[in-house]
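Colleague: I'm new to this protein and would like a close look at just one part of it. Could you walk me through the loop you have been talking about and what sits around it?

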Amino acid sequence: KCQGAAISQNKRGSSNSKYIQKERRTQLKRREVRQQCPSWRVHSVQESRDNQKKRGPMNPQGGKAFGVLKAQQEESLNSLNKEFLDDPKYNTDEDLAEKLEMFKKKYLEFDLNAQGDIDIMALKRMLEKLGAAKTHLELKKMITEVTGGMSETISYRDFVRMMLGKRSAIFKIILMYEEKAKEKDEKPPGPPPKKIIADLP
């Protein structure tokens with residue numbers, strides 16, 4: 001009985017290995033046919049391009065590529081800041097250079113899209129981080145308020161015009177409130193100064 005079982009098992013193993021080898025040969029043949037067929041290669045390349053379009057532009061999340069992207073975005077914002085400094089409409093504003101530098105740093109805190117704009121998801125994430133979460137409809141209204149309904153994303157120009165403008169947009173109020181809260185929380189480095197008699201109540 002044991003001998004019969006062993007022979008049966010060997011037959012099964014042999015048939016399995018034959019099946020695996022047959023499958024491998026079939027796969028290799030298919031690969032050879034695909035490589036030899038130019039129309040298949042064109043179709044494959046076109047398909048990958050179409051998929052890339054559907055996915056949209058790459059948004060690197062870290063490493064060297066992300067550092068390069070951030071550096072390019074900062075360089076672009078610096079050139080736009082220069083435009084505002086040269087603009088007669090704004091260059092009379094007191095401490096304009098300092099304000100623009102602050103606006104640039106604040107703008108770069110957002111998860112900017114490939115075009116360097118603040119889209120609805122970046123706005124959502126930032127407001128959640130600030131503890132001022134908004135609904136999708138409220139976010140759309142905020143973007144419309146800043147852009148005047150001309151775009152679905154907030155560009156740096158829109159952002160600076162909002163911050164320098166006299167209109168109290170909701171987005172502007174939230175950012176200004178957050179900046180004041182940050183200043184209040186910041187403590188001077190080192191040990192606290194010694195109190196003198198004049199400081200006593």
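Modeller: Let's start with Ala114: its relative accessible area is 39%, so it counts as partly exposed. You'll find Ala114 in the loop between H4 and H5. Keep in mind that this is a predicted model. Along the chain, Ala114 and Leu69 are 45 residues apart, yet their C-alpha atoms are separated by 8.6 Å.

The protein has eight helices and zero strands, and reading along the sequence gives the pattern α-α-α-α-α-α-α-α. Of its 201 residues, 23% count as buried. If you take contacts between residues at least 6 apart in sequence, 50% of them join residues at least 24 apart.

Now back to the loop, and to another of its residues. Phe110 has a relative accessibility of 1%, so it counts as buried, the cut-off being under 20%. What does the ring of Phe110 pair with? Its partner is Phe171: the ring centres are 5.9 Å apart and the planes sit at 80 degrees, so this pair is edge-to-face. Phe110 lies in the loop between H4 and H5 while Phe171 is in helix H8, so the pair ties together parts that are 61 residues apart in sequence.

Phe171 deserves a stop of its own. Its relative accessible area is 1%, so Phe171 is buried too. Leaving out residues up to four places away in sequence, Phe171 touches Phe110, Leu123, Met142, Val146, Ile154, Phe159 and Met162. Ring pairs also link Phe171 into a cluster with Tyr107, Phe110, Tyr156 and Phe159.

The structure holds six aromatic pairs. One that you can look up elsewhere is Phe84 with Tyr90, which is edge-to-face, with 5.3 Å from centre to centre and 65 degrees between the planes. Both Phe84 and Tyr90 are buried.

Next, the core. The largest nonpolar core has 33 residues, and Ile118, Leu123, Phe159 and Phe171 are those with the most contacts inside it. Helices H3 (63–86), H4 (96–108), H5, H6, H7 and H8 (170–185) each supply at least two residues of this core. Which helix gives the largest share? That is H7, with six residues.

Have a look at H7 itself, then. Helix H7 runs over residues 156–164 and is mostly covered, with seven of its nine residues buried. The buried ones in H7 are Tyr156, Asp158, Phe159, Val160, Met162, Met163 and Leu164.

The axes of H5 (residues 120–129) and H6 (residues 136–147) come within 10 Å and cross at roughly 110 degrees. That angle falls in the range from 65 to 115 degrees, which means H5 is roughly perpendicular to H6. Where they meet, H5 brings Ile120, Leu123, Lys124 and Leu127, and H6 brings His136, Leu139, Lys140, Met142 and Ile143. Sorted by class, this contact of H5 with H6 has six nonpolar, one polar and two charged residues.

Leu127 lies in helix H5, and with a relative accessibility of 1% it counts as buried. Apart from neighbours within four places in sequence, Leu127 is in contact with Ala132, Ala133, Lys134, Leu139, Met142 and Ile174. Of these, take Ile174: it is 47 residues from Leu127 in sequence, while the two are 8.4 Å apart in space, C-alpha to C-alpha.

Most residues other than glycine have a negative phi. Asp95 has a positive phi of about 55 degrees although it is not a glycine. Asp95 sits in the loop between H3 and H4, and its relative accessibility is 44%, so it counts as partly exposed.

Key. Residues are numbered from 1 along each chain as its sequence is written. This is a predicted model: local features need pLDDT of at least 70, side-chain atom pairs count only at pLDDT 80 or more; totals for chains, interfaces and linings use all residues. Side-chain values use heavy atoms; hydrogens and water are left out. Axes are lines fitted to C-alpha atoms, for helices over the stretch in contact, and angles run from 0 to 180 degrees between N-to-C directions. Helices (H or I, at least four residues) and strands (E, at least two) are DSSP runs, numbered from the N terminus. Angles under 35 degrees count as roughly parallel, over 145 as roughly antiparallel, 65 to 115 as roughly perpendicular and the rest as oblique. Contact means heavy atoms within 4.5 Å. Ala, Val, Leu, Ile, Met, Phe, Trp, Tyr, Cys and Pro count as nonpolar, Asp, Glu, Lys and Arg as charged, and the others, Gly among them, as polar. Buried means under 20% relative accessible area, exposed over 50%, partly exposed in between (1.4 Å probe, protein chains only). A nonpolar core is a set of buried Ala, Val, Leu, Ile, Met, Phe, Trp, Tyr and Cys residues joined through side-chain atoms within 4.5 Å. Rings of Phe, Tyr and Trp (its six-membered ring) pair if their centres lie within 6.5 Å; planes under 30 degrees apart count as stacked, over 60 as edge-to-face and the rest as tilted.
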